[in-house]
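Welcome, and please take a look at the model below.

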Protein chains: 2
Amino acid sequence: MSIPRLLVVDDDPDMRSMMTQLMQKNGFIALPASTEREIRAHLSNGRIDLILLDVMLGDENGIDICARLRREQDVPIILVSALSADHQRMAGYEVGADDYIAKPFNPQLMLARIRAVMQRARRSSSLAYRRRTRTFRFDGWVYDGKRDDLHSPEGYLVSLSQRETALLKVLLANPHIPLTRDEIVAALDVTGDSDKSEAQGRAIDMLVGRLRSKIEANPKDPQMLRTERGVGYIFGADISVEE
Amino acid sequence: MSIPRLLVVDDDPDMRSMMTQLMQKNGFIALPASTEREIRAHLSNGRIDLILLDVMLGDENGIDICARLRREQDVPIILVSALSADHQRMAGYEVGADDYIAKPFNPQLMLARIRAVMQRARRSSSLAYRRRTRTFRFDGWVYDGKRDDLHSPEGYLVSLSQRETALLKVLLANPHIPLTRDEIVAALDVTGDSDKSEAQGRAIDMLVGRLRSKIEANPKDPQMLRTERGVGYIFGADISVEE
DNA sequence: CCACTTTTGTTACAGCGTGTTACGTTGACA
DNA sequence: TGTCAACGTAACACGCTGTAACAAAAGTGG
C-alpha cells in the first residue's frame, strides 16, 4: 500500500502548516493548498486520497467548493470549520462531504476520522481499477489525458516529457485563468515539502518555453500559452472535454 | 437503486423504536436488533447497508461487536453512544467504525451522517467480496493470477521468472499509482523483516527493464510500465478483474 | 561433486530530462 | 525616447534512467 496523499486546504498559514506537520508526522504525505484553483491543479496533476477542506477561506467558501468538486470527483472530502452548529454541519453533509470536523479539534481524533473515511473509501474501491480519463481538444490538438504525447492538428504524434505533460494538465485544468509561477510550482510539486515555496529560479519559464516549442505553430508568437506580464502565464484556447 | 436497509441496534426499546421510526419516515428500511446474535442473523439473512450500533448494550459492548464484525465484513458501521469523550470516540474509530455519533443527537444531523457514510461506501460501488483466484486483463494481456506466465494479445504464452511475476502482481495491485523503488522492494520482500532495505542498487530498474522487454510491444516506449522520473514506476493500463 | 543453465544483482557508460546561468529582447512607464 | 524590470532562450551542468556486459547465485541433472 502506498503512502496516502492528503490535501490540506486552509487559508491560515499557521493552521495549514500545523496540520500538514501533523499529517507528515503520522505517515501521510500532506500537500498544502489555499484556493480552489490550487485544489484543482493538484487533482488534475496527481493522485489525492483525501481533502481536508476548511470552510471559511477568505473570499471563497469550502461548502461551495465541496459541492462543485463532488459533481466531478469522488475524492473523499472532510470539511473542517469553526462553525459547529448543527445546521452548518448538515450543510456540509448535504453537499457531499464525508465528514465534518469542528475547530478546535483533537489532533488524534482527527487522524482517526481521516483513517476511517479513507478506509471506507478503500474498502469498497479496491477493485475499481478503471481510471476515468477525459479527452481534451483545443485548437486542433487532441490530448487523451493519460499518455505523455498528443496529436497535432495535422495528425502527427508529438511526445512530451513528463514535466511538460504535468504542466499541460495544469493549464487544461485552468483555462483562461492567469496562473502565477508559484501556483504552477505548487501544482507541479508532488513532494508536499513546499509550504515555503523555495526559490525556483526560471525553471517554469524554461518549461513553458519548451512546451511552446512543441505545441505552438509559431513559438515566437504564442496563441495558446500566453504570457501575462508581471503575473505569469495563461492558457488562452477554448477547450472541449469528452469522457 | 433499492431502498437502503439499516440495522438499528440498541437495547433500550424506546430509543430503538424512536430511531427506527425516524429512519422509516425518511425513506429507509429500519430493522431493529439488540444483540450481536440478532445482528449476525440479519447479516447472514439478507442485505444490510449500514448498522447503527449503540455502544452500551447491557452486558454486551458495541465496540467489541464492531471489532469482531470488521474482521469479517465490510458493512458500514456507525457507533452511537452517550460516551462522548475523545478517547471513547477514538476507541470506536480504531476498531473500524465509519462514524461515531454522541447521544443525544440531532435527528436530521444523524440522517445526514448516515447518508454520507452510505454514499461513500456506494460511490466506489462495492465489489467487496474476496475471490480465490482473480484473472487480470490489461491491454490485451491475460494473467490468471497463479502461474508464472501470461497470454499475450496475440495468443502466445510468455513465461516470466518468479521475480518478474512478483513485480507484475505488485503492479496489478497498484494501478495508476506511482510506486517508489523502496515501495516495490518492500512489496516484493515477502519476509517483511526488511526495514534495512539498503544496498539494493539498480536491481529494480533491471527487473522493470526485463519485464518491459517481455510484455511491452515497444520496450523503448513503454505504454503500461511507465517511469515516473525522480519517483519510481507507475502501471498505466486499465485493468479488469474477473472471478 | 561437477558442469551447465537460468535467474538475479552489479557496474559502467551513454542519453535524456530538467534546473541554472547568462545574455539579448520586449514592453511598460515616465 | 530612455530606463529598467520582466521575459525568451541558448548553452551548460548535473542527476536520473535504460541497457549492455559481466558477475554471482540458484537451480538442475548427471
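## Overall layout

Chain A has eight helices and 15 strands; helices (H or I, at least four residues) and strands (E, at least two) are DSSP runs numbered from the N terminus. This is a predicted model, in which local features need pLDDT of at least 70, side-chain atom pairs count only at pLDDT 80 or more, and totals for chains, interfaces and linings use all residues. Residues are numbered from 1 along each chain as its sequence is written, while chains are lettered from A and ligands numbered from 1 in the order in which they are written.

Chain A holds 243 residues, and 35% of them count as buried. Buried means that 20 or more other C-beta atoms lie within 10 Å of the residue's own, with C-beta atoms placed from the backbone; exposed means 12 or fewer, and partly exposed is in between. Among the contacts in chain A with a separation of 6 or more, 57% join residues 24 or more positions apart. Two residues are in contact if their C-beta atoms, placed from the backbone, lie within 7 Å.

## Cores

The largest nonpolar core has 72 residues, of which Leu52(A), Ile78(A), Leu52(B) and Ile78(B) touch the most other members. Such a core is a set of buried Ala, Val, Leu, Ile, Met, Phe, Trp, Tyr and Cys residues joined through C-beta atoms within 7 Å. Apart from it lies another core, of 24 residues, including Leu171(A), Ile184(A), Val208(A) and Met224(A).

Leaving aside neighbours within four places in sequence, the contacts of Ile78(B) include Leu50(B), Leu52(B), Ala97(B), Ile101(B) and Val117(B). Asp98(B), Asp99(B) and Arg113(B) are also among them.

Ala30(B) sits in strand 2 (residues 29-33) of chain B. Why does Ala30(B) count as buried? Ala30(B) counts as buried because it has 20 C-beta neighbours inside 10 Å. Not counting residues up to four places away in sequence, Ala30(B) touches Leu6(B), Val8(B), Thr20(B), Met23(B) and Gln24(B). Of these, Thr20(B) is ten residues away along the chain, and its C-alpha atom is separated from that of Ala30(B) by 5.2 Å.

## Helix packing

In chain A, the axes of helix 6 and helix 7 (residues 181-188) come within 10 Å and cross at roughly 115°. Axes are lines fitted to C-alpha atoms, for helices over the stretch in contact, and angles run from 0 to 180 degrees between N-to-C directions. Ala166(A), Leu167(A) and Val170(A) in helix 6 meet Ile184(A), Ala187(A) and Leu188(A) in helix 7. The residues of this contact are six nonpolar, no polar and no charged.

In chain B, helix 6 and helix 7 (residues 181-188) pack at about 115°, with axes 10 Å apart. Ala166(B), Leu167(B) and Val170(B) of helix 6 make the contact with Ile184(B), Ala187(B) and Leu188(B) of helix 7.

## Surfaces near DNA

Here a residue is near a strand if its C-beta atom, placed from the backbone, lies within 6 Å of it. Ala, Val, Leu, Ile, Met, Phe, Trp, Tyr, Cys and Pro count as nonpolar, Asp, Glu, Lys and Arg as charged, and the others, Gly among them, as polar.

Around DNA strand C, Ser161(A), Arg163(A), Gly201(A), Ser161(B) and Arg163(B) come nearest of 23 residues. Helix 6 (162-173) and helix 8 (203-215) of both chain A and chain B each supply at least two residues of that surface. Around DNA strand D, Asp205(A), Gly209(A), Thr227(A), Gly209(B) and Thr227(B) come nearest of 22 residues.
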